[in-house]
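Subject: A structure for you to look at

Hi there,

Here is the structure I promised to pass on to you. Have a look at it first, and then read my notes below.

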Amino acid sequence: MIEFLQQLLNGLSLGAIYALIALGYTMVYGVLRFINFAHSDVFMVGAFVGYYLGRLVPEGTVWGALVVLAGSMAACAVLGMTIERLAYRPLRGSPTLNVLITAIGVSLLLEYSGQVFFGAAPRNFPPVIPSARISLGGLVLSSNQLIVIFGTCGLMWALRLVVLRTRIGMAMRAVSLNPQAARLVGVNNDVIISFTFGLGSALAGAGGVLYAINYPSIDPLMGVMPGLKAFVCAVLGGIGNIPGAALGGLILGTTETFVGGSSWSTYKDAIAFAVLIVILLVRPGGLLGRPSIEKV
Amino acid sequence: MPRAHQILCVALAACFGVWWFSDRIDPYLLDVITSIGINIILAVSLNLVNGYTGQFSLGHAGFMAIGAYLSGACTIFLGPQWLGPDGGNPWSQGMLFLGALLVGGLSASVAGLLIGIPSLRLKGDYLALVTLGFGEIIRVIFQNTEALGGALGLSPIPAYTNILWTYGFVTLTVFVVVTLTRSTYGRGFLATRDDEIAAEAVGLDTTRYKIVAFVVGAFFAGIAGGLYGHYKQSIYPTGFDFTKSIEIVVMVILGGMGNTLGVILAAILLTALPEVLRPVAEYRMVLYSFLLIVLMLARPQGLFNFRRPGAKPAS
């Protein structure tokens, strides 16, 4: 029972990070209908910005940790908006496939530039947050895991407020529902799409820092697998659906941790994709998504 | 004899001729030429699925892995029994290799059938993702199969691949894809790509076309995998990951989707480019990805696609 709870906790903290990355995928898909493959590398850049900032601030202080988190979120937001402006905006209205290939190109560019600038060797993430272990009747809680879980909850709550309670959030929902109609009622689509990229990338940056706190070895290719899995989470919950991304993250994170703890542990990486294929075959719209009807 | 068959015979004869004199070619050049041939098979076969039928597949490396592993296993485990203790003569080795390649190709096409089935329900990004997932699952399975070397890879595979085998199959692949897409039956692939609903309305079984495209594409990817395994002599599961699939997709896109000649040129260019860029090895991949983005922005119809600008791009 203790072991079950322990694994559940590990799974929740992994799932929380997947969910943070998945939110960026899902929001971009919502407004532009394409898979932003570069998102997983924005996550990597977030971790590296955190790495450099983390060496500047004093270790183990609360404000230092907040500066690292906020700094990397801001840097990623700028990066995301730049990518959108330079690579995706010129392709607005062209076939999805071209945008998809461009996204793959941007992703490769970030990975290989990362290898040139940061070096391909893994680095140790500085301990920006004091780490402690809390023992609770046999259950070992790491403070980092709790920070990840609560940090994610906080960011999701903030995102929910932005999307549901602000004017710009309303405009985002409008663009996602129908871009033409949104433009007719006076929404500036370019601004909204840029904002969506900024918001999603900021969350990926936060995800990068939180991931690096929990798994403190970072390298330029660290984003590839978490990114793919986060996308699976987004699809699992129903792409374009924000609560769905969170649900997908939790399901995948816990499944993966439980498989990792069993005798099938070497198949851990395949599980995410197996889950994805089953979901798409049974419910192509995702768990919380609505099936779309194709019109001629 | 139709013109296509004449060209096929001439091309096969040319392969034989080049092979006859291959001793006199610089080994490094021969090495690059063989890699180019294998990449042409991969790109042309993927073009049938992605370019002609419009089903965006990101799992081609998975099919290649199946071909490489199963044909490699055939020559390693069944080879000694077939050839006998003395190692056999070139003819029996050739028969063994042909058999192994066919086993690899056919098993890959069975996998293609399995992946083709979900494509009935999914399209666009979702299909790309499912094929990517299948490719990764295949890789993880090979990584965990101890009988095939697991994470350490499968070796030593006998070096049977030569220029004749490679370019013989290049010719065959190009012949099959070109004649198939130009046949009355094959026009259905293009119809499925251009407008699925209209194709169904005129009575085409689009489901069947998609599956046929996947099965044929996977078959040749399996053959290419077998050639690759018997050329490199040792294969590792990590060599068949998502990046490899992307590499093949880029060749197809660069060549212009559904344009076989362009895809062949792109495969040659992209295989030779890293060799040319060796002096700037560190920045090679940065340059490569940057060129990819610029290309998509500047020439979305493909570098070697010279159809009139108004023609509808494949999507």
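In chain A, strands β2(A) and β3(A) form a hairpin, with two residues between them. One residue to look for in the turn is A:Gly137, which has a positive phi of about 55 degrees. The two strands, residues 133-136 and residues 139-142, pair in the antiparallel sense over four bridges. To see one of the pairings, find A:Ile134 and look across to β3(A), where A:Leu141 is its bridge partner.

Please keep in mind that this is a predicted model. Its scores are ipTM 0.81 and pTM 0.86. For chain B, the average pLDDT is 87, and 97% of the residues score at least 70. Which elements of chain B have the lowest and the highest mean pLDDT? Helix α12 of chain B (residues 281-298) is lowest at 81, whereas helix α9 of chain B (residues 206-232) is highest at 94.

Chain B itself has 12 helices and zero strands. Its radius of gyration is 19 Å, close to the 20 Å that the globule rule gives for 315 residues, so chain B is as compact as a globular protein of that length. Of the 315 residues in chain B, 49% are buried. Looking at the contacts in chain B with a separation of 6 or more, you will find that 83% are between residues 24 or more positions apart.

Now for the place where the chains meet. Chain A brings 34 residues to the contact and chain B brings 31 residues. On the side of chain A that touches chain B, α4 (96-118) and α11 (268-282) of chain A each supply at least two residues. The element that gives the most to this side is α4(A), with 14 residues. Sorted by class, this side of chain A has 26 nonpolar, seven polar and one charged residues.

Finally, the largest nonpolar core has 191 residues. Which residues have the most contacts inside this core? They are A:Ala22, A:Val232, A:Leu276 and B:Ala43.

Best wishes

Notes. Residues are numbered from 1 along each chain as its sequence is written. Chains are lettered from A and ligands numbered from 1 in the order in which they are written. This is a predicted model: local features need pLDDT of at least 70, side-chain atom pairs count only at pLDDT 80 or more; totals for chains, interfaces and linings use all residues. A nonpolar core is a set of buried Ala, Val, Leu, Ile, Met, Phe, Trp, Tyr and Cys residues joined through C-beta atoms within 7 Å. A residue is buried if 20 or more other C-beta atoms lie within 10 Å of its own, exposed if 12 or fewer, and partly exposed in between; C-beta atoms are placed from the backbone. pLDDT is the predictor's confidence in each residue, from 0 to 100. Two residues are in contact if their C-beta atoms, placed from the backbone, lie within 7 Å. Ala, Val, Leu, Ile, Met, Phe, Trp, Tyr, Cys and Pro count as nonpolar, Asp, Glu, Lys and Arg as charged, and the others, Gly among them, as polar. The radius of gyration is taken over C-alpha atoms; the globule rule is 2.2 Å times the number of residues to the power 0.38. Two strands pair if DSSP finds at least two bridges between them.
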